[in-house]
Amino acid sequence: MDLELAMQSFLQESAELLEEMESILLDAEADSITAEQLGALFRSMHTIKGSAGLFGLDEIVRFTHQAENLLDQLRDGHLQLDAELSGVLLRSHDHVKAQLAAVAAGQAIPAGEQDNILADIAALLPPPAGSLPPAEPSSQAEPAADSDWLLSLRFGPEVLRNGMDPASFVRYLATLGQIQAIASCSSALPADESFDAERNYLRLEMQFRGAVDEAQLASVFEFASEGSQFIISPRAQLASHLQQALQAGDAAEQQSCRDIWQQWGLWPSTADNAVAAPTLVTTAPDTRPALPAGADHKTGRSSESKFIKVEAGKLDSLINLVGELVIAGAAANLLARSHGSSPLLESTVVMAGLIEQIRSHTLSMRMVPIGETFSRFPRVVRDVGQELGKSIKLEISGAETELDKSMVDKLADPLTHLVRNAIDHGIEDVQQRRAIGKPEQGHVWLNAYHESGSVVIEVADDGGGLDPQRILAKALQRGIISSDALLSEQDIYRLIFAAGFSTAERISNLSGRGVGLDVVQKNIEALRGTVEIDSEIGLGTTFRLRLPLTLAIIDGFLVEVGSSTFVIPLETVVECMELPVTPGDHGRPERLQLRGEILPLLYLRQFLELEGQPGRRQNVVVIQTGSNRVGLVVDALQGEFQTVIKPLGSLFRHLKAISGSTILGNGAVALILDVLALIQHATQQEASRYALEQEPYPAAGSRQPHNNDTSSGK
Amino acid sequence: MPHLITLAAEQTIYQAQALHQQLAAALREHPQLEIDLSQVEEIDSAGAQVLLWLHRAAQQQSCQLTLSHPSPAVRDFIRLLGLQPLHNALEAVDGS
């Protein structure tokens, strides 16, 4: 797990939430604040609290919990937003902002006016009923001046398997100060077949200098897995540190650590045992230190140059420009061709190749593997599981699935909600699981893959599944549906996305406050995605998020209708064929029989109301999503083409059948068809037709024109 | 001629087990091994541990092991964690 990355995204997310909170507070007049705004206020504190908990930022958790309580009262109408309350909330906002800034700068969280604000909040809150006791006075020290530290880090054997890398901790430490010397002790690493590649054998010894205090250093390692042991002492306590550090582990480990400290000249040369003395003599005088003095600067620089933070907007405009460049290049190529100058032609071809490379590189800059987001979940699962007393195993697959960076960022929140939800509501208590013969350890799966031009992310659990009866009862009680509503199972599952719906009976720190699933759906819809639920009582629930690949490169299949060109995502194309001619139906059968199966047809020309007359021969492109197949009737097939999806402007957002546009090599614009929507439309149309008429269908198996006039109305 | 194995770009926990098996097999079959590290773009503790293991196992089985052409990523990582045995093994090659 890359701590820095996770931390960065937390800080960024929180900053956005705080910004939203501030603007709502500043905009809203006392009596005109909407329920949605109140919800957003509450959510901002709630989310920051949750994420801060993951990073062990207890001070922030404690403070935001109080602020959240206040907002909860406000949301429920027990309090009115007046100038005083608004002031307290703004001060809370400022305080959280200051806390986060301190975290970002790697300083101690300032005590500031936390106590004053907490006192004010407490005064506004009705007497607490079972809520957390007010925060104790903060005892954080002022940021210390540079000081020297000795660290002995014995990472547990399971850290690697738990998705953490000791190197990440070292890199993070390097941001807090200066690593003056570091050495790995690998004496525990076996040389024979018993070596386990996923077990950690490394122990790190380190000298560190930085403006930090002991609590801060300790908190860096706070969420390394169990079985780890960290000994951290100020340089001044060298003797006791070495004593402690050298006591840990077996004899070989002690010896190799002693060697390290001797090399650094910190272990007294008056060696108290005979074994150490000769090594000291032979190695001490001219061995280079484990880490050359300048090396930490180098590592610092190299990690700096590895990533450059770029404003997403700049990247977007770069991609747009490259798109224009592709077109201009193609035009230059055409011109060169018409002039017949072969040197000119040659140079435009070289340029076209380069432009193509630039384009693919630029596009790949926006694509990141979803693993970055997934990597925060082992921690979430462990913490939530521990808090609820459940043993949970998280299994992640498809972490390498790539999708647009902007989407990855926006997915973190809904995914966290879903995972927490799965553990809190999905997976049963240990006793319950034992009683019904399930393994005590619950499973949560996170799975991502590409399918039919979209990205699918699944969050699954092997818990109790959704109980339609219970959901229905709850929805009735909350007034979300009326008592005479007739709902299918899917519709009932969908109710859990309704705002304010929660089946949790008790309020935990995590869920049950009615925040969550409605936000999940809103977030996913904002990404033009869908949420599906599969559930089986007693077996578990799967939430399936289906997201479009905005801005991704897809392999497209070009088809022509009249003078327009359209792109169909290639993954959805099953096969192509010529449309059999049936004279009696003016060449327009409504469906085909394809190898014994009925294939509804959708005439793109008519469906999109394009002008012009179809040619004598038309083609059918069979497309499929899930188990539904539809034949699209088009004029001509142009073949495959790698397509850059450009999202449509906001004016066209509501269009159902078009998911985006692309620019072809010759500069023409082609629209990308939204296959899912087309198939839905065609199957619905077919279903309604099927209800009206029941007739035999012309077979498409043979390319022969049909003589029998079966499909005309009788 | 030592048997040459060129490591792929990514050497992290995801590849560590497979790499270990591959190297263990190579170690059994060849008395001389050369590991080309020039293609490695990403390495983590798990990947580095496999190299440490190889280094140690080769010594034990008196196999002649050469770690050659370390990429910047490998060098940086060795420096980051202060992996002295690997550092020395690479220095030995550089010096010759």
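Contact, on this tour, means heavy atoms within 4.5 Å. Helices (H or I, at least four residues) and strands (E, at least two) are DSSP runs, numbered from the N terminus. Axes are lines fitted to C-alpha atoms, for helices over the stretch in contact, and angles run from 0 to 180 degrees between N-to-C directions.

This is a predicted model, in which local features need pLDDT of at least 70 and side-chain atom pairs count only at pLDDT 80 or more, while totals for chains, interfaces and linings use all residues. Residues are numbered from 1 along each chain as its sequence is written, chains are lettered from A in the order in which they are written, and side-chain values use heavy atoms, without hydrogens and water.

**Stop 1: confidence.** Strand β14 (573-578) of chain A is highest, at a mean of 90, and helix α10 (276-283) of chain A is lowest, at 34. Now select residues 270-305 of chain A: pLDDT is below 50 there. Residues 695-714 of chain A are also below 50. Where pLDDT is low, the coordinates should not be read in detail.

**Stop 2: the open sheet.** Select five strands of chain A, in the order β6-β8-β9-β11-β10, with mixed pairing. Two strands pair if DSSP finds at least two bridges between them. β6 (392-397) and β10 (530-536) of chain A are at the edges with a single partner strand each, so one side of each has no neighbour in the sheet. From one strand to the next, the twist averages 15°.

Zoom in on β10(A) and β11 (540-548) of chain A: they run antiparallel, joined by seven bridges. A:Glu532 has A:Arg544 in β11(A) as its bridge partner.

**Stop 3: helices on the sheet.** Show α15 (377-388) of chain A. It lies across β6 and β8 (442-451) of chain A, at about 165° to β6(A).

**Stop 4: A:Gln207.** Look in strand β3 (203-210) of chain A. Is A:Gln207 buried or exposed? Its relative accessibility is 15%, so A:Gln207 counts as buried (under 20% relative accessible area; exposed is over 50%, partly exposed in between; 1.4 Å probe, protein chains only). Its contacts beyond four places in sequence include A:Trp149, A:Trp261 and A:Trp264.

**Stop 5: the interface.** Show both chains. The contact takes 33 residues from chain A and 27 residues from chain B.

Conventions. pLDDT = per-residue confidence, 0-100.
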